[in-house]
Amino acid sequence: MRKEAVGGERAAGAAGRQEREIFVKMDSQVLDCTICFEPLRPPIYQCEVGHAVCYVCRGKLCNTCPICCRGIGFSRCFALEHVVDTVKVPCANANYGCKQFIIYYQKEKHEKTCLHAPCFCPEDGCSFKGSTGSLLDHFVIEHKWSPTNFHYNEAQRISIPRHCRFTLLVGEEDQSMFLVMDPHVGSSSLHDGAQLGSFFLLVPPELVDESTDGLTINIRIDKIKCVVHH
């Protein structure tokens, strides 16, 4: 009878908790290593008192807890490992279109490659910050740029005015943007503006079209499919 009663209580409790996810507000330091303050991730170790450390710091300790100074060994903290594997947080780029919730200790890694990370306007003195789509509208409306559409995997001839700092290319298929600049720059979100390198291109005067005072070049942008290995 007692066994049946306990079973009935558990079933009633489970029935009363239909929602498997809850939203909470907590101090993020609880999920950080007490030594290096980096986000905890499995395997997580704890001393006899319960102070948790990450596996990197555990390898640097000589069987002594740096918090309570107890001279004991460390064991795995499977309960905390389960917690950190299930705690998910929104991406910092949520306001720019990212809808993902990421495991806490993977948040920084995700945001470094998030496709919704904000873009910045390269024009001097412009403080615009926004999504890729809004950046295109910003170029056209605010700075009166005239984009040149292109197709991937096809050669195309474009004209670059001699005194134009940027030439905007927009992919027909996906609206991706590319900037052709007078100096060489690396791939960037333009967070710190256009970081110009110490490169130059020597163009013979006869290649400049005197009627338009511009340079005509042939370009081709290929789209390469990335193979993801699981």
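Student: How many helices and strands are there in the protein?
Tutor: This is a predicted model. The protein has five helices and 13 strands.

Student: What share of the residues is buried?
Tutor: 27% of the 230 residues count as buried. The accessible surface comes to about 16,700 Å². Carbon and sulfur atoms hold 54% of that surface.

Student: And what about contacts between residues 24 or more positions apart?
Tutor: They make up 39% of the contacts with a separation of 6 or more.

Student: Let's switch to Asn93. Where is Asn93?
Tutor: Asn93 sits in the loop between β4 (88-90) and β5 (101-103).

Student: Is Asn93 buried or exposed?
Tutor: Buried, because its relative accessible area is 8%, and the cut-off for buried is under 20%.

Student: Which residues is Asn93 in contact with, leaving aside neighbours within four places in sequence?
Tutor: Cys98, Glu111, Cys114, His116, Ala117 and Pro118.

Student: New topic: the backbone. Which peptide bond is cis from Pro42?
Tutor: The one from Pro42 to Pro43, with omega near 0°. Pro43 is in the loop between α1 (2-16) and β1 (44-46). Most peptide bonds are trans.

Student: What is phi like at Lys144 and Asn153?
Tutor: Lys144 has a positive phi of about 60°. Asn153 has a positive phi too, near 65°. Neither residue is a glycine. Most residues other than glycine have a negative phi.

Student: Where are Lys144 and Asn153?
Tutor: Lys144 is in the loop between α5 (132-142) and β8 (148-150). Asn153 is in the loop between β8 and β9 (155-161).

Student: Why does Lys144 count as exposed?
Tutor: Because its relative accessibility is 63%, and exposed means over 50%. Asn153 is partly exposed, at 39%.

Technical notes
Residues numbered from 1 in each chain as written. Predicted model: local features only at pLDDT ≥ 70, side-chain atom pairs only at ≥ 80, totals over all residues. Heavy atoms only, no water. Helix = DSSP H or I, 4+ residues; strand = E, 2+ residues; numbered from the N terminus. Buried < 20%, exposed > 50% of the residue type's maximum accessible area, 1.4 Å probe, protein only. Contact = heavy atoms within 4.5 Å. Areas by Shrake-Rupley, 256 points an atom, 1.4 Å probe, with all protein chains shown as cover.
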